[in-house]
Amino acid sequence: MKPSAFKYVKPDSIRSVLEIISTNENVKILAGGQSLMPMINMRFVLPDVVLDLSQIPGMNEIKFSGESIKIGAMTRQREIIESKLLIKNCPLFVEATSLIGHRQTRNWGTIGGSLCHLDPSAELPVVARALDAVIHIESIRGKRKLAVADLPLFYMTPAIEPDELVTEIEFTPWSAGHGWGFFEFSRRVGDFAIVSAAALIELERSKTVCRASLVLGGVGSGPVRCKEAEEILLNYSEPDLIEKVCDSLRNIEVGGDSQASTKYRRHLIGVMTKRALRTAFERAQQPVIS
Amino acid sequence: MHSVSMTVNNMVVSGDIEGRTLLVEFLRETLRLTGTHVGCDTSQCGACTVHVNGLSVKSCAMFAFQAEGTEVTTIEGVADGDKLHPMQEAFRTNHGLQCGFCTPGMVMTALALVNENPELTETDVRIGLEGNLCRCTGYQNIVKSILDGAKALRSQT
């Protein structure tokens, strides 16, 4: 047996999940498990209880109210990639999700699991940050919402209490005709990205930028929103705009590790940002097909 | 120990296992279906790829209890008795394997790819194999095998 011994529970309602996690110590919530399982197999994680969410009905729905999109935490990554609703209204989400892991892991991995695992190089937290998404959380004490901006506490540690369950993620899609781009660099396909960049751009008729979002992954302990770069995007309409934006990223604090040095990461930030922005601009300039 | 049951290769099976039993351990050690291989246990190599409800998954990154009530297909469920499945035959005729360790996972991934897209191109195959590692072939003949197997399957229908 690779994993250590634990009690395996598979409740069939959110209510009973909340009761179990509020009364037991050291419970690990199992969504798709595509990050958790390797950690359990390597015994990096030694839970007393593993709580499988797969029997709870209704946790994998993708809904659009006309104003905001809600995605259930147990929605599989494959379901995101195949969702016509998301392909039409939030292609950034689809593009980034298709880069997560491998085909086999996307078939089983969920969006809630990926967000809560909060790997610094994971795609979904970066996208969620770019969209100013909000996470819905429930516990026996009640319900609350948490902005993705406030999700990372520190390295791989989300601001979610042990007795809390993430039920869905909500965001407002950008207007039709917006441009998007997501690029990442990894040494092999499916490996953790060394650096990733997500860009959203909205252009006015005059072709100046009226709304912009730029987020980097793999750089710090959580997604890094590049506010200064966004300001530059909003205030200029010159041809060397993207160069200016990349210049502004030189001040971002970047860590180095065994995967890549600080210097190399800094280089990749420039390359990935340029690609993401250029693609977002190109797409924003294309006519809207309804 | 708790009882788990699922359908494996069209047979209803069950067993008393611990909660921590991986799907691949249940297949190999409880059911003695040792065709599915364990390469890494960290969901990187794809040697343990099986189908759960028609989708390719890595059976080392799933507990057996997560597959409760599902339809699982392993490499043992692919051939028709002694007659190899056209995809297996394609691997044989194209020299799509050397040591053979990755082959069960390669074939199961190939079948999932062809199910999704019967007209797949070489690029589709190369991208589709992102989750399967081979340390012998350099992939050339695996790609050739899958394209050939897909062609054979198309001509069957």
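Start with β6(A) and β7(A): 6 bridges join these antiparallel strands. Strands here are DSSP runs of E with at least two residues, helices are runs of H or I with at least four, and both are numbered from the N terminus. Two strands count as paired if DSSP finds at least two bridges between them. A:H136 stands opposite A:K145 in β7(A). β6(A) and β7(A) make a hairpin, with 2 residues between them.

Some housekeeping. This is a predicted model, where local features need pLDDT of at least 70 and side-chain atom pairs count only at pLDDT 80 or more, while totals for chains, interfaces and linings use all residues. Residues are numbered from 1 along each chain as its sequence is written, chains are lettered from A and ligands numbered from 1 in the order in which they are written, and side-chain values use heavy atoms, with hydrogens and water left out.

Now the other side of the hairpin. β6 (residues 134-139) of chain A is joined to β10 (residues 165-171) of chain A by 5 bridges, again antiparallel. There, A:E138 faces A:L165 in β10(A).

The open sheet has 5 strands, and its order in chain A is β4-β5-β10-β6-β7, with antiparallel pairing. Its edge strands are β4 (62-64) and β7 (142-147) of chain A, each pairing on one side only. From one strand to the next, the twist averages 20°. Angles run from 0 to 180 degrees between N-to-C directions, on axes fitted to C-alpha atoms, for helices over the stretch in contact.

What packs on this sheet? Helix α1 (residues 14-23) of chain A does, touching β6 and β10 of chain A. Its direction makes about 125° with that of β10(A). Contact means heavy atoms within 4.5 Å.

Next sheet. 3 strands of chain A form an open sheet in the order β1-β3-β2, with parallel pairing. β1 (7-9) and β2 (27-30) of chain A each have a single partner strand, so one side of each is left without a neighbour in the sheet. β1(A) and β3(A) pair over 3 bridges. A:Y8 has A:V50 in β3(A) as its bridge partner.

On to the interface. Chain A gives 31 residues to the contact and chain B gives 30. Together they bury about 2700 Å², 56% of it on carbon and sulfur atoms. Buried area is the accessible area (1.4 Å probe) that two parts lose on being put together, summed over both.

Charges next. The rule finds 4 salt bridges across this interface. A salt bridge is a side-chain nitrogen of Lys or Arg within 4 Å of a carboxyl oxygen of Asp or Glu. A:R103 forms one with B:E116, the closest N and O atoms being 2.7 Å apart. On the side of chain A that touches chain B, α2 (36-41), β3 (49-52) and α6 (103-108) of chain A each supply at least two residues. The largest share, 6 residues, comes from α6(A).

Last pair. B:E130 and A:R106 meet in a salt bridge through their side chains (2.7 Å, N to O). B:E130 lies in the loop between α4 (122-128) and α5 (140-156) of chain B, and A:R106 in helix α6 of chain A, so the pair joins two chains.
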